[in-house]
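Morning, everyone. I have one structure to walk through today. Let me put it on the screen.

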Amino acid sequence: MLGQPHVDLESGNQSENTYPDGMPVLRIGLIESRDSVEFRLTGRFSVLNNQGVSILKDVASSVKWRVKIEQYSPAKYIYSVLLGKFHDRLEAQELEYKLIEKGIGTRIKIRGGKLYYNDRVVNDNTQFWVVVDDLNSEQEAVTFAKHSLSEFSYQIINEKINEPRALLELFDSEFEKLGEAENVFRIVPESQQVITYIYDLPLENEIQNRPVKYRSFNGPLEFRCANDGKIIIICEVPLEKYVESVVALEVNSDFPIDAIGAQAIAARSKTIASLGIKHHEDTFHLCSGTHCQLFNGLIQTPEKVKKAVQETMGIVLRDNRQVVDANYSLMCGGHTEAYHTIIQDDFGDPYPPVFDGSDQNQKEKYIDLTEDIDLNKWVREEPDVYCNLFNIQSSNKLNCIRKQFRWQINYDRQELEEIISTKMGTDIGVLYDIIPVRRGTSGRIFEIEILASNQNIVLYGMQQICQVLASERLPSSCFVINRQFDDNGFPISFIFNGAGAGHGVGLCQAGGVAMALHGKDHCEILSHYFKGINLKKIY
Ligand SMILES: [Zn+2]
Ligand SMILES: [Zn+2]
């Protein structure tokens, strides 16, 4: 098999960790594209190469060491046209036969796989992908698809055929070379008590704002040659420890325990559902950015988070086949968004968007917010929904979240022209108008057109829309645009009136907090946001 196998993730047998034996150990990719990395350990450790051979045995150092890349060559890929994804091999074969009848040779690729816990299969997210492969470049794949596969809906994907290679060198604080290895240095601390500090390792979203000095980890770490040929850091974490760390970044200690429990179950489900599907061509299971889930390797998890994760251990959101990709975001604004607006696959939406309240009259009134006229009214009102926290007496920390329920951001025309031009890297000229093209059920825009004198620009996806239209970023793409005009009918300012924060799909974290404060438990919270999905303890 090409690439790094991710299917059949076996349970780990780390003797030193404090988690039960048999718990799967995840490999998390921390950062890519580095030429060198500085690190320090607080206790004794060994350095191993790819074959597990010791380069340094049982050493200690109180100062920073450094790994540098000496020569490298990136991975090589072939391109394929993906024509369909299936849970069932027979369904995939049906499509394969249909294509063979048309004279098109295809192959079935397997993604996902079985997850083992204590040698028992606890989830199986195997997918069968029908592809036409062996195309040498992306362009060749696009041309082939346009000519021969235009009647199908298709997607271009790549597959690694040659692993990246690099020579890594290890130096001490005096820049004395201690060893070298092909592709991998594996750092194995003597015990879980030994902490590894990695320097200059920002979390996504922090990169522009305030780069952190270092992050701390425990357990084995790898400095490995990534697909782009540079160094990636991979840390190994038992599944439940990973969930703890993810949850700690998503909640604050003022959240009621049931809201944290709901978050833990969502994060655990999303983790398990993603294994072997995302990052299939990488040497790790999940990345540490929002593409997967934010992870910073936190060693000291707050007690409340630990408790919520332990009390829900092994509990997931599951449909009749497998664990579902349970998304979450800070505040839906009163209506959650449809799954397919952030993730497109062939399996349809695992759960529907919901009105985030209990008042049935309001629900009837605001079932669909895809039209500007309905949304305009919605963002000016303060509907009685769960994430409208204005009626809740609470702490300062919740006050910050509360303000995101309805928000307004104003820009002079020239100011916004400059922002858009800078972010797009092109001078747009005079800004005439900004027109939402497509909205989801919650009112979130996922296609918008900017009309300007030098060029018109179409933005796709909530991420890009929120980034480009504000000096920092808009809290969500659920907004209406109001303009003020001069006497000649020329726009002089743009006002964004919006609702909520984040993509709005799945669990609304603010709504979950309000529900918990109203006495709902984590089961009730999750069955509100994930209609038709069951809770099940799989280990
Ligand atoms: Zn990722
Ligand atoms: Zn909400």
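Start with burial: 43% of the 539 residues of the protein chain count as buried. Buried here requires 20 or more other C-beta atoms within 10 Å of a residue's own; 12 or fewer is exposed, in between is partly exposed, and C-beta atoms are placed from the backbone.

A word on the source. This is a predicted model: local features need pLDDT of at least 70, side-chain atom pairs count only at pLDDT 80 or more, and totals for chains, interfaces and linings use all residues. Residues are numbered from 1 along each chain as its sequence is written, and chains are lettered from A and ligands numbered from 1 in the order in which they are written.

Now the overall fold. The protein chain has twelve helices and 29 strands. Those are DSSP runs numbered from the N terminus: helices are H or I with at least four residues, strands E with at least two. The radius of gyration is 25 Å, close to the 24 Å of the globule rule for 539 residues, so the chain is as compact as a globular protein of that length. That radius is taken over C-alpha atoms, and the rule is 2.2 Å times the number of residues to the power 0.38.

Next, helix packing. Helix α4, residues 257–274, packs on helix α11, residues 509–517, at about 140°, with axes 7 Å apart. That makes α4 oblique to α11. The cut-offs: under 35 degrees is roughly parallel, over 145 roughly antiparallel, 65 to 115 roughly perpendicular, and the rest oblique. Axes are lines fitted to C-alpha atoms, for helices over the stretch in contact, and angles run from 0 to 180 degrees between N-to-C directions.

Who touches whom? D258, A259, A262 and Q263 in α4 meet Q509, G512, V513 and A516 in α11. Contact means C-beta atoms, placed from the backbone, within 7 Å.

Helix α4 also packs on α5, residues 303–311: their axes come within 8 Å and cross at roughly 60°. So α4 and α5 are oblique to each other. On the α4 side the contact uses I257, I260, G261 and A264; α5 brings K304, V305, K307, A308, V309 and E311.

Last stop, T441. It sits in the loop between β23 (431–439) and β24 (445–452). Buried or exposed, T441? Buried, because T441 has 20 C-beta neighbours inside 10 Å. Beyond neighbours within four places in sequence, T441 contacts H335, E337, A338, P353, D368, L369 and T370.

Note on methods
Two residues are in contact if their C-beta atoms, placed from the backbone, lie within 7 Å.
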